[in-house]
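Me: Please take a close look at a single part of this model. Walk me through what surrounds it, in one connected account.

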Amino acid sequence: MAAGSPAEYISHHIQNLTWGKHPDGTWGFAHGPQEAAEMGFMAINVDTMFWSLLTGVVFCWLFRKVAVSASVEKPTRWQHCVELLFEMVTGSVRDAFHGRNALIGPLALTIFVWIFLMNLMDLVPVDFVPYASHLVGIEYMKMVPTTDVNATFGMSLSVFALMIYYGIKVKGPGGFLGELAFHPFGKALLPVNLVLETVSLIAKPLSLSLRLFGNMFAGELVFVLIAALVPFWLQWALSVPWAIFHILVITLQAYIFMMLTIVYLSQSHESHDSH
């Protein structure tokens, strides 16, 4: 655990556990932000991978548990919760998606619950996991995957790949490229159309990833600042109200990511010629 000034404390708590290739050719964990930066693009944030996979496994286990023990006569509270989530997601897909694709509902449910669980890790006290990791010899440990832009950008790239795939599958290669080249100003302004539509297309995964990352990183940073700058006896008085408010942020960000995914995929199933 980093000790000393508040700046050192904050720097420690926002640093990922990074594994990669050192400049001398050896492989191992970074011992600070400088070493992590020197490892370059191929470095892996191990804590991000661990916590994102763990929350994914928890999501699958909980929902499978409900699926195999579902009862009409005696539904459990967790079954009621899952049914409410299912109805919420189904309603959102019905309202925002105008094509025909059996993948969209399960995808939307997975996105919402998985991102919500990853965001929920932000409510764990900021010193709890780093201190426990320090006791077993792990110097850095961030447990909120969505505060790592690599994770949020990876998810948005997956959505982007689906957008391109369904855009080509539904409209055909000519229809997909035609929308980029001829919309919105027609064939006469093809270069302008290409620039505008390409920028608009690329902006979608960027906005998805950076919106989620920015909101979650800011929320985490507030918790760290409270722990670093406020006396211990006053921390709970500030952390608890912020945590209660942050529950709304956690849920809203998961919902926004889900809804934008539905909207973007709906656009991939539509043709401008049909309007």
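**His13 and its helix**

Reply: A polar contact of 2.7 Å joins the side chain of His13 to the side chain of Asp127. This is a predicted model. His13 belongs to helix 1. The His13 side chain also reaches back to the backbone oxygen of Tyr9, at 3.1 Å.

His13 has a relative accessibility of 7%. The cut-off for buried is under 20%, so His13 counts as buried.

Now the helix around this residue. Helix 1 covers residues 6-13. Its buried residues are Tyr9, Ile10, His12 and His13. Viewed down the axis of helix 1, these buried residues fall within an arc of 160 degrees, so they line one face of the helix. What do the buried residues of helix 1 pack against? They pack against helix 6, residues 128-135, and against helix 8.

Helix 8 leads on to another feature. Spanning 190-229, helix 8 is among the elements that give two or more residues to the lining of the largest pocket. That pocket has a volume of about 620 Å³. It is lined by 27 residues, and the closest to its centre are Ala43, Asn45, Asp148, Asn150 and Ala151. Strand 3 (44-45), helix 3 (46-68), helix 5 (104-120) and helix 7 (149-182) also give two or more residues each. Helix 7 supplies the largest share of the lining, six residues. By type, the lining divides into 14 nonpolar, eleven polar and two charged residues.

Methods
Residues are numbered from 1 along each chain as its sequence is written. This is a predicted model: local features need pLDDT of at least 70, side-chain atom pairs count only at pLDDT 80 or more; totals for chains, interfaces and linings use all residues. Side-chain values use heavy atoms; hydrogens and water are left out. On a 1 Å grid over the protein atoms alone, a cavity is a set of points where a 1.4 Å probe fits but cannot get out, and a pocket is an open set with protein on both sides within 12 Å along at least five of seven lines; lining residues have an atom within 4 Å of a point. Grid points are joined across faces, edges and corners, and a volume is the space filled by probe spheres set on the points. Helices (H or I, at least four residues) and strands (E, at least two) are DSSP runs, numbered from the N terminus. Ala, Val, Leu, Ile, Met, Phe, Trp, Tyr, Cys and Pro count as nonpolar, Asp, Glu, Lys and Arg as charged, and the others, Gly among them, as polar. Buried means under 20% relative accessible area, exposed over 50%, partly exposed in between (1.4 Å probe, protein chains only). The arc is that of the directions from the helix axis to the C-beta atoms. Contact means heavy atoms within 4.5 Å. A polar contact is a pair of N or O atoms within 3.5 Å; within protein, one must be able to donate a hydrogen and the other to accept it, and residues adjacent in sequence count only if both atoms are side-chain atoms.
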